[in-house]
Amino acid sequence: MGKNAQAGFEKYKEHKTKKAFAAAADGAWGTAYGASNDILAVRKALANCQRYSKSHCQLYDLDDEAFQDKYALFLSQSEMAIKNFKVQNGYQDYETGDWFLPPAKHIRPGSEGFHYATPTSIEGIKNISTPELAEKLAKKQISVIDALGIDNTSMTLPYAISLDGAANLADDPEAAFNKNLDADLHALMKKNFPQKDAAIAVFCASEECWMSINTLVRLKDMGYSNLYWYRGGVAAWQAAKLPVVKAVPLLTVLRQ
């Protein structure tokens, strides 16, 4: 950390309430105090850091627990995982299950629930199967976004970038505090994914999760042109006996 961030961290350590501290390589930092739970603390600290940073912000501390080693572990486990991809059968049902719904065109409001049966396709966006995604990921030909975001405190795909809040509508109760959600997401994507023709696959929990659909619809509307939907998500990946890694918080467009 830079001198300013270090000074901020020293003051941060004096607080005793639920707290989080995030920092970036360019010296930017952000804090959260008095949150009701870990997820809200992490979300606010990352968002505050992102406001001033031109590079990636990472969680540095959560309630006096150092977090940097978790990012290093995520990267090392991801690198090891992509060298050992052997797709096994069992994933197909998660990718092809059909509730006879029309192709998705619009964002589903969070008030209607994110975890619900999905259509088999999204208008204007390509589906990608487990073997196809594993091949591209092993060759580092694609970025993968975990639309579950900071809420995913469990396992995710190797090298998956958690994108928090992109699935929400600005008028959803959960995101009502951020009336600039679209603008925030646009700025975040421009900083972290500047090439709009780069290959990006988005996933969430399973084929009964709309968070990936909502995120992809937003990205398509922003002009991203090489998008893939990994419909089966974490469930299909694990059913194929492919390795997963512990998720780490990275990007958020929600401001608590």
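Q: Which bridges are needed before two strands pair?

A: Two strands pair if DSSP finds at least two bridges between them; strands themselves are DSSP runs of E with at least two residues, and helices are runs of H or I with at least four, numbered from the N terminus. The model discussed here is predicted, so local features need pLDDT of at least 70 and side-chain atom pairs count only at pLDDT 80 or more, whereas totals for chains, interfaces and linings use all residues. Residues are numbered from 1 along each chain as its sequence is written, and side-chain values use heavy atoms, with hydrogens and water left out.

Q: How many bridges join S1 to S2, and how many join S1 to S3?

A: S1 and S2 run antiparallel and are joined by five bridges. Within this pair, Ala22 is opposite Gly30 of S2. Four residues lie between the strands of the S1 and S2 hairpin, where Gly27 has a positive phi near 100°. S3 also runs antiparallel to S1, again with five bridges, and Cys57 of S3 is the bridge partner of Ala24.

Q: Are the residues of S1 buried or exposed?

A: A residue is buried under 20% relative accessible area, exposed over 50%, and partly exposed in between (1.4 Å probe, protein chains only). Lys19, Phe21 and Ala23 point one way from S1, while Ala20, Ala22 and Ala24 point the other way, and all are buried. Because six of the six residues of S1 are buried, the strand is largely enclosed by the rest of the structure.

Q: What span does helix H2 reach from its first C-alpha to its last?

A: The expected span of a helix is 1.5 Å times one less than its number of residues. H2, residues 38-50, has 13 residues and reaches 18 Å, close to the expected 18 Å.

Q: Against which elements do the buried residues of H2 pack?

A: Contact means heavy atoms within 4.5 Å. The buried residues of H2 pack against several elements, including strands S1 (19-24), S2 (29-33) and S3 (57-62), and helix H6 (181-192). Among these buried residues are Leu40, Arg43, Asn48 and Cys49. Ten of the 13 residues of H2 are buried, so the helix is largely enclosed by the rest of the structure.
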